[in-house]
Protein chains: 2
Amino acid sequence: MPIKAFAFDAYGTLFDPGSVARAVDAAFPGHGDFITALWRQKQLEYTWLRSAMGRFADFETVTREALVHAALTVRPALDERIAEALCAAFDRLAPYGEAREALDLLAGRRLAILSNGSDAMLSALLRQAELEAYFPVVIGSTTVGAYKPHPEFYRALTAALDLPPEEIALVSGNGFDLAGAKHFGLRTVRIARLSPEALREATQDGSAIGPATVFSSLRSQMDDLSGGPDETCASLLDLAAIATGMEG
Amino acid sequence: MPIKAFAFDAYGTLFDPGSVARAVDAAFPGHGDFITALWRQKQLEYTWLRSAMGRFADFETVTREALVHAALTVRPALDERIAEALCAAFDRLAPYGEAREALDLLAGRRLAILSNGSDAMLSALLRQAELEAYFPVVIGSTTVGAYKPHPEFYRALTAALDLPPEEIALVSGNGFDLAGAKHFGLRTVRIARLSPEALREATQDGSAIGPATVFSSLRSQMDDLSGGPDETCASLLDLAAIATGMEG
């Protein structure tokens with residue numbers, strides 16, 4: 001089936017969750033990489049656990065709970081002002097460097113956002129990066145009441161676009177998201193920013209593996225729970241060529 | 001309500017998943033801690049993701065998929081014999097040193113196992129450690145078709161014991177398991193082997209944080225998604241006193 005719309009994941013696909021590292025390091029000097037990795041990892045864990053338990057909480061709450069868990073590994077308590085400042089920083093994540101150019105190359109296509117972010121967080125994120133105009137459809141977790149890879153999440157996308165799943169491609173850098181989308185029946189395009197070879201280069205000296213490399217190992221490779229993605233590329237800039245092929 | 005039965009989690013509560021580290025280090029010299037941490041972390045992730053997606057696979061498959069993901073971070077392919085040997089080692093995990101004595105101290109009580117392990121894996125695990133006799137009821141994921149913290153998992157326990165949830169205490173070292181059990185309505189006893197103070201001691205030098213400390217940071221502390229546990233202790237040996245209190 002020819003693809004009629006492209007839906008983008010936000011965190012880890014268009015926006016770099018690692019771009020909070022400088023703010024985190026200012027709040028936790030010497031522990032920037034460590035707390036940044038734990039924070040994002042726990043944030044994801046809590047979305048999966050809440051989806052599995054059937055105990056939804058908004059993404060602001062999940063993000064804050066994850067930060068508290070991360071902070072307590074290095075300090076007895078998390079200062080309220082630091083928590084506020086870091087959660088605000090998460091609403092100002094930097095887009096990946098090539099994001100705007102890649103979106104311009106997709107001009108004329110139907111684009112959407114499908115993200116775990118709350119509707120308010122996604123609205124703030126797109127506004128500060130001046131990327132709202134590219135996405136007439138934005139689906140966050142507020143509307144759905146669940147998190148990826150719960151099937152209801154992907155169903156919300158097909159309902160909003162009024163298209164069958166096989167006519168929509170989900171673009172994501174997150175292996176679990178691609179697995180969930182594929183399981184639901186969407187087509188999938190994986191943004192693979194870290195090649196297996198580059199990751200192995202980073203892990204070669206076992207005694208030098210720090211938190212950032214552990215995090216890359218957990219998050220940057222494919223999670224093959226539903227078979228592989230339909231397409232894979234190393235950069236958002238490759239999407240225009242892939243899109244043309246998928247529409248044909 | 002007085003507690004009438006105690007159900008034990010297996011991996012991380014009675015049995016030490018870290019006890020495969022020596023076998024892992026023999027297979028991946030210099031990467032023992034790293035691969036052991038990734039393997040267990042991915043194994044858990046895949047249970048959560050599959051529960052959230054509604055795409056069950058048996059725990060043997062999940063364990064093998066997680067090992068493959070971990071191994072590919074350091075090698076281009078996982079040798080089939082190494083995979084077999086390490087999965088077999090996972091069926092021979094060592095019980096924590098105090099497990100048998102702690103179970104003897106609970107003599108006369110109704111005990112059960114409630115674990116993500118497949119029925120076959122749990123049977124092998126309990127047999128090799130000679131702990132079968134303590135547990136007339138063993139509930140694994142084969143029967144349930146889902147993983148913790150999915151509510152169906154805890155429901156299977158209440159059905160097998162024919163008791164209401166508030167008359168059963170779940171004993172677990174895993175924060176996500178305690179959160180799921182509490183959300184379902186069970187009483188909960190947390191085994192907290194690593195105190196927050198000891199963890200902070202281990203993370204103090206940010207530049208020296210390796211895979212084992214990242215793993216402890218993610219897995220050893222409570223996940224407060226449903227409020228805290230009813231009881232907390234540092235060792236299985238404290239259970240007898242706690243049990244007496246909960247039965248009163």
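This is a predicted model: local features need pLDDT of at least 70, side-chain atom pairs count only at pLDDT 80 or more; totals for chains, interfaces and linings use all residues.
Residues are numbered from 1 along each chain as its sequence is written, chains are lettered from A in the order in which they are written, and side-chain values use heavy atoms, with hydrogens and water left out.

The contact (heavy atoms within 4.5 Å) involves 49 residues of chain A and 49 residues of chain B. Together the two chains bury about 4100 Å², with 65% of this on carbon and sulfur atoms; buried area is the accessible area (1.4 Å probe) that two parts lose on being put together, summed over both.

Four salt bridges are found across this interface, a salt bridge being a side-chain nitrogen of Lys or Arg within 4 Å of a carboxyl oxygen of Asp or Glu. Lys42(A) and Asp223(B) are joined by a salt bridge between their side chains, at 2.7 Å from N to O.

On the side of chain B that touches chain A, the elements giving two or more residues are α2 (32-53), α3 (59-71), α9 (175-184), α10 (196-203) and α11 (211-219) of chain B. Helices (H or I, at least four residues) and strands (E, at least two) are DSSP runs, numbered from the N terminus. The largest share, 12 residues, comes from α2(B).

Over all chains, the structure holds 34 salt bridges. One of them links Glu65(A) and Arg50(A), whose closest N and O atoms are 2.9 Å apart. Because Glu65(A) lies in helix α3 (residues 59-71) and Arg50(A) in helix α2 (residues 32-53) of chain A, the pair ties together parts that are 15 residues apart in sequence.

Charges also sit over rings, which requires NZ of Lys or CZ of Arg within 6 Å of the ring centre and within 35 degrees of the ring normal. In chain A, the charged end of Arg193(A) is over the ring of Tyr96(A), 3.5 Å from its centre. In chain B, Arg193(B) lies over the face of Tyr96(B), at 3.4 Å from the ring centre.

Two kinds of backbone detail remain. Most residues other than glycine have a negative phi, and most peptide bonds are trans. The bond from Lys148(A) to Pro149(A) is cis, with omega near 5°, and Pro149(A) lies in the loop between α7 (141-144) and α8 (151-161) of chain A. In chain B, the bond from Lys148(B) to Pro149(B) is cis, with omega near 5°. Glu130(A), a residue other than glycine, has a positive phi near 55°; Glu130(A) is in the loop between α6 (119-128) and β3 (137-139) of chain A.
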